[in-house]
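Thank you all for coming; I would like to take a few minutes to walk through one model with you. Please have a look at the sequence and the structure before I go on.

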Amino acid sequence: NRARFKENIIIKTPNTISLEDDLIKLCFSKNKSIRQEIYNNLNVDWLIDSQIKRIFNQIYIHLNSKFEPDSNIILDQLKMKEDHQKLAGLVYEIEKISPTLEMVKDSIKRLEHIWLKKKLNELRDELKNSENNFQDTTKLINKISDIQSQMNSLKGISR
């Protein structure tokens, strides 16, 4: 029974969630270049989980400072109890990772790739519907082409 319970947890937590969790942990790295990489290159729109988005928005302004963010200050700024609990859990696990700049770059690339893939699927659905309605599909086809080019430029992501 316990094994089945564990299996359910794995099924319900896709890769994106652990990737976003890891990214939050990386924000607390003592290495300033890691924090600046996130500050300069991560688009908050790429975060799918709304809770992680709220937490990241509180951390973001601290990423560019000389020292790593103070988790207690950020915990105090979080208005929702479940956000507070989530971040407290992540902060507790920070010691388990030894962040590198490569790890951060890869995580950011993967988040962008997942977001682009989601956008691509939405546009393809829209294209199908507009073809059925005999609407002009040129704009959609151009958008799809742009996203595919962006995804191709992200090649070399370790899966």
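Predicted model: local features only at pLDDT ≥ 70, side-chain atom pairs only at ≥ 80, totals over all residues.

The protein has 8 helices and 0 strands, where a helix is a DSSP run of H or I with at least four residues, a strand is a run of E with at least two, and both are numbered from the N terminus. Read from the N terminus on, the elements therefore run α-α-α-α-α-α-α-α. Residues are numbered from 1 along each chain as its sequence is written, and side-chain values use heavy atoms, with hydrogens and water left out.

Let me continue with the protein as a whole. Of its 159 residues, 33% count as buried, a word that stands for under 20% relative accessible area, with exposed meaning over 50% and partly exposed in between, using a 1.4 Å probe and protein chains only. The accessible surface comes to about 10,500 Å², and 50% of this belongs to carbon and sulfur atoms; the areas come from the Shrake-Rupley method with a 1.4 Å probe, and for residues only the protein chains shown count as cover. If we take the contacts with a separation of 6 or more, residues 24 or more positions apart account for 72% of them, a contact being heavy atoms within 4.5 Å.

Now to helix H7, which covers residues 101-132. How far apart are the end C-alpha atoms of this helix? They are 47 Å apart, which agrees with the 46 Å that 32 residues should span at 1.5 Å a residue, since the expected span is 1.5 Å times one less than the number of residues. The buried residues of H7 include Val 104, Ile 108, Leu 111, Leu 127 and Ser 130, and also Asp 106, Glu 112 and His 113.

Thr 137 touches Leu 127, Ser 130 and Glu 131, not counting residues up to four places away in sequence, and with a relative accessible area of 15% Thr 137 is itself buried. In helix H8 we find Lys 139, which counts as exposed because its relative accessibility is 69%, and whose C-alpha lies 9.6 Å from that of Leu 127, 12 residues apart in sequence. Lys 143 is also placed in H8, but at 46% relative accessibility Lys 143 counts as partly exposed.

Let us turn to another loop, the one between helix H4 (50-60) and helix H5 (71-77), where Phe 67 lies. Is Phe 67 buried or exposed? At 57% relative accessibility, Phe 67 counts as exposed, and it touches Arg 35 and His 62, leaving out residues up to four places away in sequence. Glu 68 is in the loop between H4 and H5 as well, and at 28% Glu 68 counts as partly exposed. Leaving aside its neighbours within four places in sequence, Glu 68 is in contact with Phe 28, Ser 29, Lys 30 and Arg 35, and its C-alpha is separated by 5.3 Å from that of Lys 30, 38 residues away along the chain.
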